Amino acid sequence: MKARQSVRITSAANVVSGASVSLDLYCLQDYDVAIKLFRTTYIVDIVSQTQGTVLKLDSISSGDSWKAMDYLVFNTWHWWTHTGRTQPWDYVEDRNILYKDMNRLVAFYKGLTTWARWISKNIDPVKTKVFFQGISPTHYEGKDWGQPSKSCLKETDPFSGVRYPAGMPMAAVVVNKVLQRVKIPVYLLDVTLLSQYRKDGHPSRYSGDHQGLDCSHWCLPGVPDTWNELLYGAIVSGR
């Protein structure tokens with residue numbers, strides 16, 4: 001059996017960095033592939049103004065870095081629910097009007113609509129394939145899977161029912177609605193339902209990076225590996 005060839009990976013962290021944006025570059029030299037991880041968690045802009053830090057729902061200034069890619073994979077939502085000290089902005093701006101806060105689903109819809117307009121205007125679907133990774137569910141409330149007294153803590157088995165009791169998250173409804181309005185093909189990596197079944201896949205109290213119970217991030221290896229398999233399958237099948 002021929003030994004598997006090693007893969008040389010060079011990485012340059014923070015090729016671009018700022019208050020709300022960073023770019024990491026990973027090069028797989030043996031395959032002539034470069035992967036850019038562009039971290040802008042809300043996709044739309046977060047800027048510093050005299051009033052404070054503002055989440056601008058109708059502005060994307062980072063998009064030039066996304067042009068001319070072979071594949072673009074977007075995801076967001078996880079960060080839209082953050083409040084208090086984990087919220088990186090002081091105000092929300094929509095159509096030049098500042099708000100101290102806004103219903104997060106409404107804000108998400110507005111921000112994602114801005115992204116959809118940008119994609120429709122700036123991406124050539126012949127040159128670039130666009131993917132949007134669906135909503136990653138949380139498992140803080142056992143009522144979502146029919147066990148109200150539980151959370152992800154000490155869960156060791158996936159949900160085994162035929163239909164997940166909580167149904168589709170409203171954020172996923174927003175994603176589906178916005179994607180219908182994009183004027184070029186966008187492939188939805190619909191990871192939501194399969195991930196809802198994995199109430200056992202979170203680090204819970206064993207996360208080294210988060211205090212308290214963590215039922216939103218995922219253990220590795222684990223559920224995100226399945227997401228990657230779906231992405232790979234979509235790419236090689238020519239989606």
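**W80 and F108.** I started with these two residues in the predicted model, and both W80 and F108 are buried. I then checked how their rings sit: the centres are 5.6 Å apart and the planes are at 65°, so I noted the pair as edge-to-face. W80 belongs to the loop between strand 6 and strand 7, while F108 is in helix 1, so the pair ties together parts 28 residues apart in sequence.

**T76.** Next I looked up T76, which lies in the loop between strand 6 and strand 7. Is T76 buried or exposed? I found a relative accessible area of 5%, which is under the 20% cut-off, so T76 counts as buried. Its side chain makes a polar contact with the side chain of W80 at 2.7 Å. A polar atom of the T76 side chain also lies 2.8 Å from the backbone oxygen of T41. Among the residues T76 touches, I listed F108, L112 and F132.

**Helix 1.** I went on to the helix that holds F108. Its 19 residues (104–122) should span 27 Å, and I found the end C-alpha atoms 27 Å apart, which agrees. At its start, a side-chain oxygen of N103 reaches to within 2.9 Å of the backbone nitrogen of L105. Its buried residues include F108, L112 and W115. What do they pack against? I noted strand 6, strand 9, helix 2 and strand 10.

My search of the whole structure turned up 14 aromatic pairs. I also saw that ring pairs link F38, W66, F74, W115, W118 and F132 into a cluster. Last, I spotted K100 over the face of Y91, 4.7 Å from the ring centre.

Note on methods. Residues numbered from 1 in each chain as written. Predicted model: local features only at pLDDT ≥ 70, side-chain atom pairs only at ≥ 80, totals over all residues. Heavy atoms only, no water. Helix = DSSP H or I, 4+ residues; strand = E, 2+ residues; numbered from the N terminus. Expected span 1.5 Å × (residues − 1). Buried < 20%, exposed > 50% of the residue type's maximum accessible area, 1.4 Å probe, protein only. Contact = heavy atoms within 4.5 Å. Polar contact = N/O pair within 3.5 Å; in protein donor to acceptor, adjacent residues only side chain to side chain. Phe/Tyr/Trp six-rings, centres within 6.5 Å; stacked < 30°, edge-to-face > 60°. Lys NZ or Arg CZ within 6 Å of the ring centre and 35° of its normal. Lists of a residue's contacts leave out its neighbours within four places in sequence.
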